[in-house]
Amino acid sequence: MRGLGWAPVHTIGEVLRGTLAGQHVQLRGWLHRNRASGQIAFPQLRDSTGVIQCVARRDSLSPEQFDAIAKLLPESSLRLQGMVRADPRAPGGFEVAVDGIEVVAAVDPARPFPLRGDEGDEFLLDNRHLWLRSTSMTAALKVRAQVFRAIDDFFAQEGYYEVQSPSFVSGACEGGSTLFKVEYGDEEQKEVYLTQSWQLYAEAMVQGLEHIYTVAPSFRAEKSRTRRHLTEFWHCEAEAAWMGNDGIMEVEERLIFHIVDWCLRTVAPELTALGRDLGTLRQVRLPFPRYRYEEAVELAASKGAEISMGEDFTYAVEKILTGDLTVPIFITHFPTAIKPFYHRPDPADPTHVLCNDLLAPSGYGEIVGAGERCVTLEELLARMQKQGIDPAPYEWYLDLRRYGAVPHAGFGMGIDRVVAWICGADHIKNVVPFPRMMRRVYP
RNA sequence: GCCGUCGUAGCUUAGCGGUAGAGCGCUCGGCUGUUAACCGAGUGGUCGCCGGUUCGAAUCCGGUCGACGGCGCCA
């Protein structure tokens with residue numbers, strides 16, 4: 001550049017912070033928008049930290065360089081350098097007066113970048129690989145990254161071991177119709193399934209490590225077409241020995257609080273950019289309200305929901321129950337009949353199980369499902385028999401009860417749903433880079 | 001699986017029985033401070049597919065495929 005070499009590389013975020021005013025910097029990124037007239041051009045440059053307006057004048061560049069920048073199409077990559085200066089006319093308050101550019105890869109005018117942001121859902125999903133560079137997607141993915149980091153930070157602090165469980169599983173553990181079958185190529189084991197939960201494996205590992213967690217994908221073949229379902233979702237699951245339903249609820253709410261607090265401290269600008277009201281999010285405080293199943297049914301009914309005792313909560317009821325809330329709520333002690341076999345019946349009232357669901361506010365749905373597990377072999381077999389489940393494939397699971405099983409509890413949290421709630425997203429797919437849904441596996 | 005809505009240029013869409021229109025994009029030209037820049041010209045569509053009704057179908061009817069949204073179920 002004018003024989004002086006390139007200036008030191010900086011990020012756009014650093015420039016927008018204002019401390020570089022008056023300095024000569026090099027920026028690298030993608031052309032976000034471009035406006036040009038015969039003598040002056042305003043290329044907006046984007047990198048992972050932000051977007052900044054640059055000013056290119058014909059008299060500050062060689063004719064070749066000016067023409068190159070003036071004709072460059074959006075999403076071309078380039079590096080440029082120039083003087084940083086404050087200017088009230090620039091969006092963001094700072095701009096770069098360009099004195100040198102190098103086009104890295106120019107977009108072909110025969111195939112201009114197809115996205116601007118006002119396209120329809122289908123088109124944006126078909127072009128997901130390109131839409132991911134939009135400011136809204138990158139903001140959501142930055143929040144998502146911090147949620148994952150907060151989870152690891154929380155469990156490290158709590159002394160939990162991270163453990164990995166298999167994704168290929170042999171048995172249908174709950175609701176066989178929602179399992180994905182996979183060809184497995186062995187004569188004796190031709191078919192296996194993709195995991196829906198690590199839980200049964202966790203119950204084995206917890207007898208050795210006592211406090212464990214995992215962050216892994218789970219798969220559900222439900223034909224769900226809703227704003228909160230994916231066929232492949234990220235599951236944060238934890239299991240703890242010597243812990244009951246009350247104890248695990250405290251872990252759940254502290255985890256959720258930690259995640260929210262962490263996000264408020266690390267990605268507040270991104271949340272604001274996504275339109276999230278931070279004041280509402282700041283209202284998340286411990287402890288979360290707890291309702292026994294019957295109380296929750298009555299509360300929902302008093303708000304006008306149609307539900308009768310003994311029924312499970314439908315989404316329509318959940319929406320009424322949580323629509324006017326700003327914090328998550330627990331529902332505990334569900335009727336035994338409507339919960340899976342591994343939940344432990346309450347010794348004080350065996351018609352209910354020691355379990356809890358955590359519902360996110362504003363209709364984001366159930367974000368955590370949890371409970372205390374059956375401890376004795378007799379209890380477990382009785383529950384399986386009552387639900388018509390063949391114990392044969394669960395022999396190893398039953399074994400766990402034969403060798404010193406201790407009281408234990410665990411939970412599964414839908415990370416994508418948590419991110420969707422924190423971001424205030426309209427749809428869970430808006431916070432997942434390549435969402436997998438029943439009718440969408442491309443790109 | 002069920003219910004709903006929708007498939008017209010690269011995108012967003014108008015037209016809803018009589019030879020297919022616009023905005024954006026892209027190309028060319030103009031413009032020395034633009035903010036979804038502007039001005040002028042150009043480019044671009046066998047109206048998802050199959051069949052039926054009709055003198056005539058993007059338009060009406062039947063089917064089919066696809067997409068999106070919602071429900072049941074779940075995290």
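Me: What makes the pair formed by Gln-53 and RNA strand B a polar contact?

Reply: This is a predicted model, in which local features need pLDDT of at least 70 and side-chain atom pairs count only at pLDDT 80 or more, while totals for chains, interfaces and linings use all residues. Residues are numbered from 1 along each chain as its sequence is written, chains are lettered from A and ligands numbered from 1 in the order in which they are written, and side-chain values use heavy atoms, with hydrogens and water left out. A polar contact is a pair of N or O atoms within 3.5 Å (within protein, one must be able to donate a hydrogen and the other to accept it, and residues adjacent in sequence count only if both atoms are side-chain atoms). A polar side-chain atom of Gln-53 lies 2.6 Å from a base oxygen of RNA strand B, so the pair meets the definition.

Me: Which atom of RNA strand B does the side chain of Arg-57 approach, and at what distance?

Reply: A base nitrogen lies 2.5 Å from a polar side-chain atom of Arg-57.

Me: Which residues come nearest to RNA strand B?

Reply: Arg-35, Arg-57, Arg-220, Glu-366 and Arg-417 come nearest, out of 53 residues around RNA strand B. A residue is near a strand if one of its heavy atoms lies within 4 Å of it.

Me: How many residues of each class does the surface near RNA strand B have?

Reply: That surface has 24 charged, 16 nonpolar and 13 polar residues. Asp, Glu, Lys and Arg count as charged; Ala, Val, Leu, Ile, Met, Phe, Trp, Tyr, Cys and Pro as nonpolar; and the others, Gly among them, as polar.

Me: What makes a residue part of the lining of the largest pocket, and which lie nearest its centre?

Reply: On a 1 Å grid over the protein atoms alone, a pocket is an open set of points where a 1.4 Å probe fits, with protein on both sides within 12 Å along at least five of seven lines; lining residues have an atom within 4 Å of a point. The largest pocket has 41 such residues, with Arg-220, Glu-222, Glu-366, Gly-369 and Arg-417 nearest its centre. The lining divides into 16 nonpolar, 12 polar and 13 charged residues.

Me: Which residues lie nearest the centre of the second largest pocket?

Reply: They are Ser-48, Thr-49, Gly-50, Thr-138 and Lys-142, among 16 lining residues.
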